[in-house]
Amino acid sequence: MRLKSNAKVDDKRNDRFLLLICTIIFGLILARDIGGIGVNKYLLLSVSVVGMLFLSYSNFLCLLGVLFSLTFGIPSTYIYLAAVFVYLFKKRHKLDRISIGILLFFMAWELTHSLVYASTFGPVTYVGYFCRLFLLFSLIRENDDTVDRTKIVKCFSIGVLFFISVMVLMYLKDNSIDYILKGWVRIGGSNEYIPQATVQEGMKMSTNTNNVAYFCVVGMAGFLYLIYRERKAIWSVFFFAVFALGSFTVSKTFFMISPLLIVCLINLVLFTSKVSVVQRILISVTFVVGIGVLLNTGTVNALFDRFDKVDYMLQDSRSVIFVEYWNAFWDHPLVALFGAGAFTNRQVLYPAQSTHNGLQQILVSYGFTGFVIFVTFLVRCLRQQISRSHAKGFGFLIEMVPLTVAFLFTQTIQFLNPPDLMLPYIIGMLAISADKNGGKNVK
């Protein structure tokens, strides 16, 4: 009994240490991006590495969940490189040979493309790509029963709320809120509204609007998952907070996928017994107030203006890009068989634009041969995680939501490059069998 008691004490201490590390990281980012205080990127790297080294394996993955959500504002390549070494150390006796083999295969393939097509990208770019690919291939095959997957989803989702909040606050530092409410500015394109002198001061939280919207959608899916599993009203508040702030990206895909999540939430509130009456009232009020506020801003009109550029077949510039890549792909027989590389396919096939479809990007990067290997591996990992799940019916549907929305959204943006877009897939895959550890079993 004493051993069990000591184990519980150690677990609580480790949880508090995880909270401390996350709080320091959040504080440093707030001080840097909102407070205007210079924060050296190596300080963020040091704090992250210390956390990874001394946390338990489960909490190490939770910290990665937080770092994934902040990937556009941290020295992610250095941090993920450190994460790879920490992962190898913590799993040295349980390394998955299949994941390592697949990784080495695509590393060799990508480096061959870089030589054949004379890539202009430097070593750091490729190291960053391979580190993220390593984390993807390794973590989507995670089968350690000591891992609290629910906590990983929670860490990522809270990190997304922090991420979108910082993006909005960065805008409000130098600009009026009226421009957001009238839909004149899309949150995420920080280079358009942050003074250039500020940008040049050093690393800031920065990416494009579509990437912000993508992470927000997956974060909302995470909070929906937490509402069902933990039955706490606070997650519904966070769900609508991410929805409200994410709507300022005025992303068409965001507004096409978000209603699916809201329908799942309404179904959860009205047709299951997992939510108390008080929570139903709070969720309903939050929903009505949130939709009311949204309708009274210019965001909806700005969204309609963007859809005016889409014809009745829902075709827009992405459709043109898809067709151009498809045609160019068939015009190059060797590319059709072996691909043109994740970083060189644009210069080989269609210099005007990057691909805007995740599956197509895998196809043009690695050809039919690589596409079959890559997708088959992902599908087998998915089947493996599904086989570990104990959830049934609506519970299984909720488990699948984070991965589903990540897949749907990346069919309108990229997947392999920029490589950070692979990270939400890891969270989605881990969520599928999360009922076995942490929280309550959901049948």
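Okay, where does valine 375 sit? Its place is in helix α18, which covers residues 358-388. Before I go on, keep in mind that what you see here is a predicted model.

Let's stay with valine 375 for a moment. Is this residue buried, exposed or partly exposed? Its relative accessible area is 22%, and buried means under 20% while exposed means over 50%, so valine 375 counts as partly exposed. Now look along the chain to leucine 359, which is 16 residues from valine 375. The C-alpha atoms of those two are separated by 8.7 Å.

Next up, serine 258. You'll find serine 258 in helix α12, running over residues 252-271. Serine 258 has 0% relative accessibility, so we call it buried. What does it touch, if we skip residues up to four places away in sequence? The answer is Val217, Met220 and Phe243. There's also a polar atom on the side chain of serine 258 to look at: it lies 2.7 Å from the backbone oxygen of phenylalanine 254.

Okay, let's zoom out to the whole protein. We have 20 helices and zero strands. There are 443 residues, and 55% of them are buried. As for the surface, the protein exposes about 19500 Å², with carbon and sulfur atoms supplying 65% of that.

One last thing, about contacts. Take the ones between residues at least 6 apart in sequence: 79% of these join residues at least 24 apart.

That's it from me, thanks!

Note on methods:
Residues are numbered from 1 along each chain as its sequence is written. This is a predicted model: local features need pLDDT of at least 70, side-chain atom pairs count only at pLDDT 80 or more; totals for chains, interfaces and linings use all residues. Side-chain values use heavy atoms; hydrogens and water are left out. Helices (H or I, at least four residues) and strands (E, at least two) are DSSP runs, numbered from the N terminus. Buried means under 20% relative accessible area, exposed over 50%, partly exposed in between (1.4 Å probe, protein chains only). A polar contact is a pair of N or O atoms within 3.5 Å; within protein, one must be able to donate a hydrogen and the other to accept it, and residues adjacent in sequence count only if both atoms are side-chain atoms. Contact means heavy atoms within 4.5 Å. Accessible areas come from the Shrake-Rupley method with a 1.4 Å probe; for residues, only the protein chains shown count as cover.
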